[in-house]
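Here is a short note to read beside the structure. Take the points in order and check each one against the view.

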Amino acid sequence: MEAGGPAGGDGPMIRNKYILFAFRIIVGGLFIYAGILKIADPLGFAQDIKNYRLLPQTLCLFTAFILPWLEVLTGACLITGLFKKTSALLISGMLMFFIILVAITMIRGIDVECGCFGTFSRKADWGLIAEDLVMLVMALTVALTRPRKPAL
Amino acid sequence: MIFDKKFFREAAVLAGLSVVIGLLVNIPLIKRCMRGDLDQGFVSAKTYPGVVLVSLPEVEDLYARGAGIFLDARPESEFREGWIPGATHVPFETADKTSLRELAARFPADKFLVVYCSGGDCLSSLGLARLLVDLGVKEVRVFLGGWAEWKQAGLPVETGR
């Protein structure tokens, strides 16, 4: 079979590339947005974390200081392509953590604002888990897609 | 392999940067935390202007003057043991916005709204206060000492409703 034929070879790859880029923009953009909103109001976010009733007071505060910056940095990396795979993996990790956290909180019967987007937050519920799952699929796709071998 | 050396090196860079930046930009808050300002709660006048933290003497005064409307945010099991006389039971865990909005519409404007929970490290009073402020209630007083402090002070309690 001929490799790199104009019709069969390039077409899907180009499309795939654009889809991957769109995934990076969407997930990265959302992470930057979410991070900036939390950076603007660290105490509000600390309280949101505390409402989940998993961490002690001081740890909530330090999580609220650091996590938003990790979101912004990984989001920016995902979009720019610097540390692309690593940031996609870190974002996937964070999303998995958020999903488990929300699920546990719902099972415990605690009714909280999710704290995801600062004051624009919503209740932590199944819809939120679904949204996180969609982002997780996008992030994992970026993380796990092998780079195309350079054409010989 | 996805989790190779390159991943750990880059992840360490990103995590390290987040820690450094996150701590540096929040130095004023870290100082406040070390002074013990943030031991009770993070909701400050700045972040939630409508939430006012009050202590026992003020709550006692409001109670004595009949000027307070008390909302008990504790779960059913704890509420049943006793409550501040006249308090309305609004368990935070099951509070939803629709019923809260209806409740808020019934608050007389000339009275002070006081929310409390078990006291100590309980959060539901703060959570409920924030919900109420989000729903448009102008001012909510949070009695952080809560049920524990009220009972310990030997103030009147109501039971067996």
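**Notes on the model**

1. Start with the surface of chain A. Its accessible area comes to about 7900 Å². Carbon and sulfur atoms hold 73% of that area. This is a predicted model, and the figures are computed from it.

2. Now the inside. Chain A has 152 residues, and 46% of them count as buried. Buried here means under 20% relative accessible area.

3. What is chain A built from? It has five helices and zero strands. Read from the N terminus, the order is α-α-α-α-α.

4. Look at how chain A folds back on itself. Take the contacts with a separation of 6 or more. Residues 24 or more positions apart account for 67% of them.

5. Helix H4 of chain A covers residues 84-107, which is 24 residues. The expected span is 1.5 Å times one less than the number of residues. That gives 34 Å for H4 of chain A, and its end C-alpha atoms are 34 Å apart, so the two agree.

6. Then see what follows that helix. Just after H4(A) comes Gly109(A), with a positive phi of about 75 degrees.

7. How confident is the predictor about chain B? The mean pLDDT of chain B is 86, and 93% of its residues reach 70 or more. Among the elements of chain B, helix H1 (residues 5-25) has the highest mean, 96. Strand S1 (residues 51-54) of chain B has the lowest, 84. Where pLDDT is low, predicted coordinates should not be read in detail.

8. Last, the scores for the model. The ipTM is 0.83 and the pTM is 0.63.

Terms used: Residues are numbered from 1 along each chain as its sequence is written. Chains are lettered from A and ligands numbered from 1 in the order in which they are written. This is a predicted model: local features need pLDDT of at least 70, side-chain atom pairs count only at pLDDT 80 or more; totals for chains, interfaces and linings use all residues. Side-chain values use heavy atoms; hydrogens and water are left out. Helices (H or I, at least four residues) and strands (E, at least two) are DSSP runs, numbered from the N terminus. Buried means under 20% relative accessible area, exposed over 50%, partly exposed in between (1.4 Å probe, protein chains only). Contact means heavy atoms within 4.5 Å. Accessible areas come from the Shrake-Rupley method with a 1.4 Å probe; for residues, only the protein chains shown count as cover. pLDDT is the predictor's confidence in each residue, from 0 to 100.
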